[in-house]
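This report describes selected features of one protein structure. Please consult the sequence and the three-dimensional view while reading.

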Amino acid sequence: MTIEIPTNRHILRAILMKPIRKAILPVAGLGTRFLPATKAMPKEMLPVVDRPLIQHVVDEARQAGIEHFIFVTGRNKGVIEDHFDRQFELELTLTERNRRAELELLARDLPGAGQTSFTRQQQPLGLGHAVWCAREIVGDEPFALLLPDVLVQAQRSCLAQMLDAYQQLPDNANVIAVEEVPMDRIHMYGVVGVGKSQGRAFEITQMIEKPPREQAPSSLIITGRYILQPEIFNILADQTRGAGGEIQITDAMIRLARKQPFYGLKFEGRSFDCGSKIGFLTANIAYALERDDIAPALRAEIKSLLG
């Protein structure tokens with residue numbers, strides 16, 4: 001067994017490297033693909049089994065050690081803020097009925113005082129604009145960006161895997177989670193070029209948004225989890241609108257990549273695009289099949305439906 005003894009360089013780097021304490025969660029989208037269900041309820045509150053979609057993503061961030069959750073919201077999203085607050089009437093009713101298990105569950109899911117911030121994106125100008133709206137709360141430190149449309153089912157959370165890799169990279173590194181998809185679907189995603197490996201990560205040589213199959217530099221796509229340096233905010237401040245007339249985060253990252261290194265991490269686990277109906281339904285089934293309390297009955301029901 002080999003034991004690695006930290007050198008003075010490793011110790012100094014650990015002291016100087018800014019930790020990832022904050023995460024941005026953009027939740028201002030309209031959810032038009034799920035109408036009429038999202039007419040009055042945010043898509044982020046749609047349940048995957050018995051937990052809202054946004055709760056699953058916050059759980060992932062908490063497991064990775066994130067301390068401050070920054071929600072970029074829009075109109076009619078107040079229920080998300082209520083979800084991450086105490087509900088005194090509900091707690092009182094559960095207390096009177098001696099429902100201790102439910103009370104413990106609510107307490108466990110609730111972020112601590114001062115750990116959540118909410119800011120508005122007044123105009124639907126895209127993901128890049130949503131990230132820029134959080135600049136004053138993030139400040140001058142690196143941060144995580146998690147898209148609530150994407151769930152990642154993994155033994156060790158996707159963001160935690162990214163932070164493990166980040167610790168071994170240069171101080172100004174940016175990290176993007178990537179996964180492989182069939183080439184006949186590559187035109188639907190942002191795609192990265194693959195450079196030399198650095199630990200579990202690899203250097204990203206280029207980023208292309210929705211390229212034709214013959215122009216794709218690899219079969220690895222951007223998944224919806226990022227670790228970004230604060231310099232991205234200055235770039236977003238004057239980023240011109242791209243596809244769909246929106247400020248695209250990929251365009252800003254391409255500009256930042258001229259000054260700072262970007263790395264990709266092919267994470268262990270499976271992602272679900274819960275912005276699509278099929279992805280959302282598949283996530284419900286996959287997460288339910290992980291639950292000992294309902295998996296046997298669900299398997300029986302699926303067998304009956306398919307029989």
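## Salt bridges and burial

R51 and D59 are joined through their side chains by a salt bridge, with N and O 2.7 Å apart; a salt bridge is a side-chain nitrogen of Lys or Arg within 4 Å of a carboxyl oxygen of Asp or Glu. The model is predicted, and local features need pLDDT of at least 70, side-chain atom pairs count only at pLDDT 80 or more, while totals for chains, interfaces and linings use all residues. Residues are numbered from 1 along each chain as its sequence is written, and side-chain values use heavy atoms, with hydrogens and water left out.

Both R51 and D59 are buried, where buried means under 20% relative accessible area, exposed over 50%, and partly exposed in between (1.4 Å probe, protein chains only). By the salt-bridge rule, the count comes to 14. The table lists three of these pairs.

| Pair | N to O distance |
|---|---|
| R51 and D59 | 2.7 Å |
| R156 and D164 | 2.9 Å |
| R291 and D293 | 3.0 Å |

D293 counts as exposed because its relative accessibility is 53%, whereas R291, at 27%, is partly exposed. Salt bridges that share partners also join R21, K22, E67 and E141 into one network.

H68 lies in strand β4 (residues 68-73); strands (E, at least two residues) and helices (H or I, at least four) are DSSP runs, numbered from the N terminus. H68 is buried because its relative accessible area is 14%. Beyond its neighbours within four places in sequence, the contacts of H68 (heavy atoms within 4.5 Å) include R21, K22 and I137.
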